[in-house]
Every structure is written in C-alpha cells, then in structure tokens.
Amino acid sequence: MIKIRGLNKTYNPGEPNALHVLKGIDMDIAPGEFLSIMGASGSGKSTLLNVIGILDDYDSGEYLLDGTPIKNLSETASAELRNRKVGFVFQSFNLISYKNAMENVALPLYYNGVARKRRNEMAMEYLEKLGLGAHAHHLPSELSGGQKQRVAIARALISRPAVILADEPTGALDSATSKEVVEIMREVNRTEGITMIIVTHETAVSKATDRIIYLRDGVIESDRRNPNPVIEF
Amino acid sequence: MRFFDTDSFNEIWATITRNRFRSVATGFGVFWGLFMLIVLLAIGNKLTQSILSQVDGFATNSVMIFSGRTSEPYKGYRKGRSWDMDNGDVELIRQKATTVDIISPIMMRGSRSDRNVVRGMKGGSWSYSGIYPNYFDINKAKQESGRSINDIDITERRKVCVIGQTVYETLFAPGEVAEGQFIRLNGIYLQVIGVISPHSRATIGGPVDESIFLPFTTQQMLFERDLAFDMLAVTAVPGVSASVAEEEVKTLLRAAHDIAPTDTKAVESFNLEVQFKTIQLLFVGLAALMWMVGLGALLSGIIGVSNIMLVTVRERMREIGVRRALGARPWDVIAQIMSESFVLTAIAGMLGFMCGVAASLLVDKIDFSGGNGVLATIHKPVVSFDLALAAMTVLIVSGLVAGLLPAMKALTIKAIDAIRDE
C-alpha cells in the first residue's frame, strides 16, 4: 500500500537555517494495517505524515502510494490524488463550522464531483455507521468533542481512501472519549479494511495499534509489531 | 467546484450571511456606485435629449446663406457693394454643385406695417416668407390641419398660404375650419390651405407659430420688384460635411456676382452642422464626466468588496486549508472566492441598478427645457437597453475583478500551514 525508500526532506535547503528533518526513511505498509508512528516533537513524524498525505513534497528518495509514484505532482494532480486516496483525521477536527455534520461528511465527495443527492445519502450512511444518524443536521458547535471526531472519521472514510492518516486524533479529547475514538478507528479498520496510520505521542494510543514505529531525529529508531493490542485509557 | 450545484450556492449564501452587517456595509459601496452611475447617466441623457429636442426636426447638415456687403474691391467694383441672390443662382447651384442636396431659397419679410394681415374684423402683424416645398425638409413643421405648399402652387403661382397656429387662433374662432377661407396679406387676398405649428424651437427666422408661408413664386410675383431673394438654405448630400457644401455654394456665388474669391464677408452663412457639432462635443464631454464620476463611485465600492474578501480569506485560512487537504483543486478555491465576491457584488449592484432606474424615472419627470410643452413630444426611455446592458457588463466585470486578488491570496494558502495544530 505504501512503499517508501530513502526518503529525505530538508527545510530551507542551502540556507544557514537549513533543517534536515527526514534522513533516509524506508518503510513498507501493507493494505489494511493499523499502525502508529510515535516520536517526540521535532522527530519528523508530522513531516512524514505530510509527505504520506501528499500535503508536502520531499527532496530525494521514492514514495509509492497504492502503486502511484508521488513526486513533483501539480497542485491539481495532488489535490485529486488526496481526494481519492487519502483520508485525514485531525487533532482539532477541522470541521467547517457553518456546515452541518452531514454536509461536512459529504465534502470530499463534492470535490469528487458526486451529485448532491447521492453524496448526502452516502454521508448519512456513514454517519449511521458511526452512530451519529440522529446528529446529521447538527452544526459542529452543537456536537461534543467525541462526536466531532466521529464526524471527522466519517468524512475521512466516505471517499473510501487507500489510507487514513490521523494526526493526534485524541489530542483534544479526554481519556473516556479518546478510548471511544480509538475503538471506532479499530472497528473501521477491521470492517472497512482501510489502512490506518495514527501519528501520536500518547503511548495509550500506540498500544492499541498492531505496529508501532518510533521516529527520532528523522530516522526510524524502531519498528516493531504489537502482538497484543489493548485499548486502555 | 461545480457551480451549478445547490451546495455551491448554499455555501456562498452561508458565507455572505454569516457576517451580515459586514456584508451589507460592503455591499452598500457597490450599491451606491451603481446607483450613482445610473442616476448620473440618466441625468446626462435627459439633459442631452432636452437640448437635442430643441433642434429636432431641423436638418443638422444644413447651411443658411445670406447676401451681405462686399469687403474687397473687385473687377472694378468698389468695396461695400451690396448684392442679392436671384433665381439664376438657384439654377446655377443646382447644375454645378456636386455636394449640395436640397436647395431652398427663402424670401423672408417682416411686417412692415401695423396689422399687415387681416381677416374681417380681426388682424395682426406677422412676418411672411416665400418658400419652396422643400423648406419643410430642412425645417420640419407639424401640420395641424390642411396641407402644405406643393410644387403646383409654385408653378401656378397660386395665391395660397399656410398659416402658423397663433395666426390661426387670432384670426379664426376656435374650431373654425381655416382651409378655404381667405385672409388679406398686405392688401392682397390669399386662400388658407393649412395650419402648422413648430416641430421644435429651432427655426429659420421668426417663430413658425407667428408666420405666414406662401409659395416662393407667388411672393415674388405679388410683393417683390425683382427676382432677388435674401436667404438660401442648402443641405449637403449624405456623407459630405455641410462645410464642404457651404464652401462650394459660396465659391459659385462669388464667381456669379463678381465678388473677390478672397472676400469672406460678402457671402454670409450660418452652418448648423458646426453649431451642432459643438453641442455634440459638449454632450460627449458631459457623458464622459458622468461615466467617470459614476465609475469612480463604483470603483471605490469594488475596492471595498475586494478588501473585505481579503479579510475573509485571512479569517478562513484554516477552512481553506482543510478543503485543500480534502481534495479541493486550486481552481475550486479560486471559483469559490470569486463566486462569493461575484454574488455579493451582483446582489448589491442589482439593487443599486433597480433603485437607480427608479430614481431615473423621477429624473425623467424633471423638465430641463424651461417649460416648453413642445418638448413632450420626444420621449426616449431614460435608462435605455444599451445603458442597462453596459451597467450589467460593468457589474459582472467588477464582481470578478473584485474577487481576483482575494482568490490569488487564497491560492497561496497551503493545506499544511493551515491545518497545523501547534
């Protein structure tokens, strides 16, 4: 699903304040994996996530997403690839405040050119799956943190992407809600079979995943299987 | 972005109504701009029409030629000699001049005595003119009743006349049929064949209302000692400037009457085309001024929209970033911002346009002509279709222009910067 070879990324190259953040990353992620990337701030995990999510470019190396080489894409091409291949879940949810839950979920389909009626039906379907059918017409401001993150997960799911990238999905939630959200993500991973990559610094989150990758100073420090994932908060 | 998606409109509407006061305040600039543009243009249009209506019906490519006194000695004649045009000149011009269309000699005579026109007990003092039928091609008149002077009147030297409206009202009882009746002009009986009133204010000589017109040949036969006349009206053939025709006629007249070719004073003239062009230039200047002021007001409104859209883009950086992450292409972002500014401009502009038209209808009621009822006959809509079309074009263009800068600004927002949580 994801194949990364010798990935390098430097911010401000050639300048005195040049910052070499990713120093030759090699990584293979199979379809349907549920893994976490951990690391201290400055370890390069956010940059790696941005590169995987086609939000940022890299300097050297190779990156294939679902068989497509990702390099030097135009803004339009990368937008279309993101739309079809990648789903995002953010720490601060990033729902659009003046759109209700259903419209927020349907947004990726809007950019995919799906007709309004069809995309709203699909949005309802995914909201039902995540137990939010009753809240479909609520604005984000009328939802709790957990509900907002579930809307965000539904939004990431709706275009049936190759991979869902979650950047600190529990960062803004209390432990009970965090547990709920991680359970849902596991469930989605199991039932929908979508590869899920969670960037986190919370050990509790990483313990719930099947594979944990540690990044330190731009290199992979460890990459190990977690044979007994547990959801404990 | 698919523009014909209900959600696109809902979205635009949602963002505009989210900050209602700001949108209204911003829209007001555009509203006022278009309002001013329409009202100013309507006033300019109305003013132009009012002035134009004064010369309406008068051939604007016509020249009046008068005989004056020579200012140079020539061929043994002393200077200061007075001369007259005669019937031979008309023939000469008709045969030789290539740029002249209508040739109409006029013999205008004032009322030399008190009560020169009499009918029974009634009478008055009016001027009278001997004319050819084509006189009314140069200076249109409204035929109130009866008929005009025709070619047979000319060739048969009929003792007939056409009288002005005021003359009719003075000599006849209200409702009385004038045609067939006789009036006495300078002691000679003439049969009335028609009553006319002026088409517009501009006339050759005195007011049409207070004049009597008779066939040129009749007048020469009855009242004149010789075949001389004092005024010649000519028009240029289509596509030729009246000044060219004027010069040609003058040259012919100078040669025929032994006047020095360099004598500019002997043949006098009044070129209506030149006058008309001066007025037209004034109108062009007026229209340009109106457009400038109106567009200026609109421009400041547009800058306001552009400005507020820049602020909006700044405020919505995160939202735009999220949209980029979710798959919005650069074009989607541009279209969204542009259509927001376009819709705001269009709504405000339409309102301004409609209020402007309403106000223009009031402007239309204002009489710039100084209370001359004759002008009511000319009525063009103040806000013409062309003007409406121009205003709409300006509006559409300005809506798009207003959105251009903010859209470019929005394009520089990268998803990665906008959604950063730290």
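Trainee: How many helices and strands does the secondary structure of chain A come to?
Mentor: In this predicted model, chain A has 233 residues, of which buried ones make up 47%. Contacts between residues 24 or more positions apart account for 69% of those in chain A with a separation of 6 or more. The secondary structure of this chain comes to seven helices and 10 strands.

Trainee: In what order do the strands of the six-stranded open sheet of chain A stand, and which are the edge strands?
Mentor: The six strands of chain A are arranged in the order S6-S7-S8-S3-S9-S10, and their pairing is mixed. From one strand to the next, the twist averages 20°. Since an edge strand is one that pairs on one side only, the edge strands of this sheet are S6 and S10 of chain A.

Trainee: Which residue in the turn between S9(A) and S10(A) has a positive phi?
Mentor: Strand S9 (residues 211–216) and strand S10 (residues 219–225) of chain A run antiparallel and are joined by six bridges. Within this pairing, A:Leu215 stands opposite A:Ile220, and A:Tyr214 has A:Ser222 as its bridge partner. The two strands form a hairpin with two residues between them, and the turn residue with a positive phi, of about 50°, is A:Asp217.

Trainee: Which residue in S2(A) is the bridge partner of A:Asn8?
Mentor: A four-stranded open sheet of chain A has the order S2-S1-S4-S5 with antiparallel pairing, and its edge strands are S2 (19–29) and S5 (68–69). Strand S1 (residues 2–11) of chain A pairs with S2(A) over eight bridges, in the antiparallel sense. In S2(A), the bridge partner of A:Asn8 is A:Lys23.

Trainee: Which element gives the largest share of the side of chain A that touches chain B?
Mentor: Between the two chains, 24 residues of chain A are in contact with 21 residues of chain B. The elements giving two or more residues to this side of chain A are helix H2 (75–85) and H3 of chain A. By class, the side of chain A that touches chain B has 10 nonpolar, eight polar and six charged residues. The largest share, six residues, comes from H2(A).

Trainee: Over which residues of chain B is the pLDDT below 50, and what ipTM does the predictor give the complex?
Mentor: Chain B averages a pLDDT of 86, with 94% of the residues scoring at least 70. Among its elements, the mean pLDDT is highest for strand S8 (residues 160–164) of chain B, at 94, and lowest for helix H13 (residues 415–418) of chain B, at 79. The stretch with pLDDT below 50, which has nine contacts in the model beyond near neighbours in sequence, covers residues 373–378 of chain B. For the complex, the predictor gives a pTM of 0.70 and an ipTM of 0.93.

Methods. Residues are numbered from 1 along each chain as its sequence is written. Chains are lettered from A and ligands numbered from 1 in the order in which they are written. This is a predicted model: local features need pLDDT of at least 70, side-chain atom pairs count only at pLDDT 80 or more; totals for chains, interfaces and linings use all residues. Two residues are in contact if their C-beta atoms, placed from the backbone, lie within 7 Å. Ala, Val, Leu, Ile, Met, Phe, Trp, Tyr, Cys and Pro count as nonpolar, Asp, Glu, Lys and Arg as charged, and the others, Gly among them, as polar. Two strands pair if DSSP finds at least two bridges between them. Axes are lines fitted to C-alpha atoms, for helices over the stretch in contact, and angles run from 0 to 180 degrees between N-to-C directions. pLDDT is the predictor's confidence in each residue, from 0 to 100. A residue is buried if 20 or more other C-beta atoms lie within 10 Å of its own, exposed if 12 or fewer, and partly exposed in between; C-beta atoms are placed from the backbone.
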